[in-house]
Each structure stands twice: as C-alpha cells, then as structure tokens.
Amino acid sequence: MEKNPTTETISLRPSTMEDKEKVFRWLTRSNLTAEMLGPPKFPDTLVPSWEEFDNDYLDYYFDGTQPMKGRCFIITHKGQEVGQINYNHIDPRDHSTELDIWLSDKRFTGQGFGTGALRLICRFLAETFGCRYVYVQPSRRNPKAIRAYLKAGFREQAYFPPELVPDYEDSVLLKKTIGEK
C-alpha cells in the first residue's frame with residue numbers, strides 16, 4: 001500500500017484476462033481518451049482498434065505468464081478501480097523498462113493516484129526484477145501527465161536511447177533511477 005498526497009491508500013492488483021477489454025475501453029472510450037490519443041489534439045497518434053490494442057498488449061500482460069516481457073496492473077483506490085499501469089519488456093542488460101499508465105475517468109485525475117501507482121510499480125520492479133531504470137514518454141501536449149511523472153521522481157532526458165521509439169511526434173522522455181528520490 002502507498003499513501004498518496006491526499007492520504008488515501010491505493011494499491012496495484014495484477015490484471016487478469018477478464019480485465020483486458022475493460023483496460024482497452026479505458027484507453028479508447030473514456031472521457032480521458034482525448035487527453036492522450038486521436039484528433040483533434042493528437043492527430044499523430046490515433047486511437048487504436050481492438051485488433052491493434054490486442055497486438056500491442058498480448059495476453060501475457062494480463063495473465064502473467066511472461067513477466068519479463070511485460071505485465072498490467074489495475075490501480076485501485078478503496079477497492080474501486082481507477083486505472084491501469086503496466087511495464088513492458090525488461091532489458092536484462094541495464095535492468096530497465098518502460099511504463100504506460102492511464103486512468104479510467106477524469107474524476108480520478110488530480111488526486112495523486114497516478115503518482116502513487118508510479119511509485120508502487122517502481123518499488124515492485126526493483127524488488128522483483130532488480131530494475132534500476134524506468135522510462136515513460138508522454139506527449140508534451142499532456143502537461144498533467146508530465147507533472148505526475150516529475151512528482152514521482154522522473155527526470156527529463158535530453159535524448160532517446162536507440163532502443164526506445166517515440167510514441168508521439170513530441171514525446172518527452174522521462175527516466176527514473178530507482179533508489180533516487
């Protein structure tokens with residue numbers, strides 16, 4: 001459990017296959033979708049179809065069968081599901097991974113749930129896999145997300161390592177060295 005800035009508790013629950021369609025809906029059909037994907041704000045990053053999502057978030061993200069390749073977790077607050085956070089392939093050379101996070105509804109923004117979830121997953125990744133570096137790459141057009149990442153201890157990087165492909169035309173690469181505040 002992690003206390004967020006509002007002193008409420010949040011937790012991460014490993015996702016199941018039953019969560020996959022719901023996580024897809026949160027990304028593609030919530031009142032937050034326009035803050036992350038699709039025209040008019042994001043004409044360069046279209047809202048994925050089910051097939052595209054299913055090809056990106058393979059079943060192991062939801063069933064835990066290949067934890068080194070990636071895993072999704074449901075963010076909960078007082079038993080209510082408020083979003084999802086996932087890590088992707090863990091690079092065994094430098095013990096790094098990239099994260100994705102989105103909340104399920106606007107009413108859950110601005111309450112520290114994202115920041116708390118980021119802290120929890122970083123702790124989990126360090127303790128479980130020995131991860132030392134974690135990356136996120138929001139669009140510069142999403143300043144609220146950038147603020148949450150900075151609050152969770154991420155720092156903007158000057159360049160993208162060759163193994164990371166930018167998600168947006170204006171992606172901001174942020175890196176957290178686990179163990180640093």
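Q: What is the N to O distance in the salt bridge of E21 and R25?
A: This is a predicted model in which local features need pLDDT of at least 70 and side-chain atom pairs count only at pLDDT 80 or more, while totals for chains, interfaces and linings use all residues. Residues are numbered from 1 along each chain as its sequence is written, and side-chain values use heavy atoms, leaving out hydrogens and water. A salt bridge needs a side-chain nitrogen of Lys or Arg within 4 Å of a carboxyl oxygen of Asp or Glu. For E21 and R25, that N to O distance is 3.9 Å.

Q: Which helix holds both E21 and R25?
A: Helices (H or I, at least four residues) and strands (E, at least two) are DSSP runs, numbered from the N terminus. E21 and R25 are about one helical turn from each other, because they lie four residues apart in helix α1.

Q: Is K20 buried or exposed?
A: K20 meets D54 in a salt bridge of 2.4 Å, N to O. D54 lies in helix α2 and K20 in helix α1, so this pair ties together parts 34 residues apart in sequence. Buried means under 20% relative accessible area, exposed over 50%, and partly exposed in between (1.4 Å probe, protein chains only). At 4% relative accessibility, K20 is buried.

Q: What kind of aromatic pair do Y57 and W102 form?
A: Rings of Phe, Tyr and Trp (its six-membered ring) pair if their centres lie within 6.5 Å; planes under 30 degrees apart are stacked, over 60 edge-to-face, and the rest tilted. The whole structure has 15 aromatic pairs. Y57 and W102 have centres 5.9 Å apart and planes at 90°, making the pair edge-to-face.

Q: Where does W102, the partner of Y57, lie?
A: The pair links distant parts of the chain, 45 residues apart. Y57 is in the loop between α2 (50-56) and α3 (60-63), whereas W102 is in strand β5 (residues 96-103).

Q: Which residue has K175 over the face of its ring?
A: A charge sits over a ring if NZ of Lys or CZ of Arg is within 6 Å of the ring centre and within 35 degrees of the ring normal. K175 lies 4.3 Å from the ring centre of Y133.
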